[in-house]
Amino acid sequence: MSEDTTKTVWQVSGGPSNRSYIDLLLKHGVALIGPGAIGPWHSDRKDELYEGHFVRHFATEVHVGDIVLLRHGMSAVVAVGLVASDYAYLPQFDDVNGWDLQHARRVRWFKLPHPHDFCAPVFGASPPRLSRVTNSNVVDYARRFINSPPHDWQSATLPSLPPAELLMDDVPPYLMHLVGQVRDLSGLYWDKKNFGDPPTEDETICHFLIPLLGSLGWPPEYVAVKWRDIDVCLFSRLPRLPEHCAFVIEAKRFGEGIEGALGQAKGYLEKLGVVRDIVVTDGIRYRLYQGDRDFEPVAYANLAYLKQSALALFERLRRQ
């Protein structure tokens, strides 16, 4: 096959290491960027609404057939893809590890067996969420890749998209006060000018996690804070012994990213010598991993964007 030198090469971020959404992009055959909460891109909307020009470029300058590299960090590529659709606004990606990434392109991805590391910051010292690739070595790599076998992935059927899920209209009474507080405060926490440094880990435990556990029926004597180095441990009964541990909860400070906290929580369970479900949280987002299913993520809730599916997490966490 003769090499096609007309395809533009782009890079798109797969998120930072502690909040990566690479697997989601590959699973659903999409490239996503934000911010999307403001709504779909329109030519009459200014770039400032979207925190810069990235969404406009994504919507107007990326074309079907262009090459896109799924970037990890400043120098590595984990997948190579071909753009397979025009710009679309997909509301089902309004909460991707806490980000609103509704601006989308369908992409046929080829996941590399191992990340390809260029061993230099070829995408820039601070790579943006999306950019045209100009480094000649990277462009050459991308074009040679798509012109090398196998080629079947380039015309494969695109995977299905997840269904869109609307925000919950009727918040359960036991959550109403907490959800209202989150909606009042979550935006303020991002406003460094008017708020200052974001809340600490201990603040998220105090202001959000402990009230949530109380609303789910956990009395204080069954809730241990900083017990054996664990942020929060819930007990099925007294006395507070490892074998009576019901859940381990690992908390992170607001905005730090909860997805990277699983390993730390698993380490606590290993020291206790038990297998239990784990919850990781920043006070607003909660993800539950089921211990007896090799810590598979099975439930998720975001108090700032509460959806019907979030009730599954609260029901599992409710004291029985």
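This is a predicted model: local features need pLDDT of at least 70, side-chain atom pairs count only at pLDDT 80 or more; totals for chains, interfaces and linings use all residues.
Residues are numbered from 1 along each chain as its sequence is written, and side-chain values use heavy atoms, with hydrogens and water left out.

**Ground rules for the terms**

- Pockets and cavities come from a 1 Å grid over the protein atoms alone: a cavity is a set of points where a 1.4 Å probe fits but cannot get out, while a pocket is an open set with protein on both sides within 12 Å along at least five of seven lines.
- Lining residues have an atom within 4 Å of a point.
- Grid points are joined across faces, edges and corners, and a volume is the space filled by probe spheres set on the points.
- Helices (H or I, at least four residues) and strands (E, at least two) are DSSP runs, numbered from the N terminus.

**The largest pocket**

- Its lining takes in 38 residues, and L24, D95, N97, R287 and Y300 lie nearest the centre.
- Elements supplying at least two lining residues each are α1 (22-28), β6 (103-117), β12 (285-290), β13 (296-302) and α8 (310-317).
- β13 gives the largest share of the lining, with six residues.
- By class, the lining of the largest pocket splits into 22 nonpolar, seven polar and nine charged residues (Ala, Val, Leu, Ile, Met, Phe, Trp, Tyr, Cys and Pro count as nonpolar, Asp, Glu, Lys and Arg as charged, and the others, Gly among them, as polar).

**The second largest pocket**

- Two or more lining residues come from each of β1 (9-13), β2 (30-33), β3 (67-72) and α4 (173-189).
- The lining of the second largest pocket divides into 14 nonpolar, 12 polar and eight charged residues.

**The cavity**

- There's one cavity of 30 Å³ or more.
- The largest cavity has a volume of about 50 Å³.

**Around strand β10**

- β10 (residues 245-251) is mostly covered, with seven of its seven residues buried (buried means under 20% relative accessible area, exposed over 50%, partly exposed in between, with a 1.4 Å probe and protein chains only).
- Strand β9 (residues 230-235) pairs with β10 in the antiparallel sense over four bridges, and V232 stands opposite I249 in β10; strands pair if DSSP finds at least two bridges between them.
- On the parallel side, five bridges join β10 to β11 (residues 277-281), with E250 opposite V280 in β11.
- β10, α7 and β11 make a right-handed β-α-β unit; right-handed here says that, with the strands pointing away from the viewer, the path from the first strand over the helix to the second runs clockwise.
- K271 sits in helix α7 (residues 262-272) and counts as exposed because its relative accessibility is 71%.
- K271 and P242 are 29 residues apart in sequence, yet 9.3 Å apart in space, C-alpha to C-alpha.

**Cysteines**

- The structure holds zero disulfides (a disulfide is a pair of cysteine sulfur atoms within 2.5 Å).
- The sulfur of C245 has its closest cysteine sulfur in C233, at 3.4 Å, so the two are too far apart for a bond.
- C245 is buried, with a relative accessible area of 2%.

- A cis peptide bond runs from P149 to P150, with omega near 0 degrees, and P150 is in the loop between α3 (136-146) and α4.
- L238 and P239 are also joined by a cis peptide bond, omega about 0 degrees, with P239 in the loop between β9 and β10.
- C119 isn't a glycine, but has a positive phi of about 60 degrees; C119 is in the loop between β6 and β7 (130-132) and counts as exposed at 71% relative accessibility.
- D229, not a glycine either, has a positive phi of about 75 degrees; D229 is in the loop between β8 (223-227) and β9 and is exposed, with a relative accessible area of 59%.
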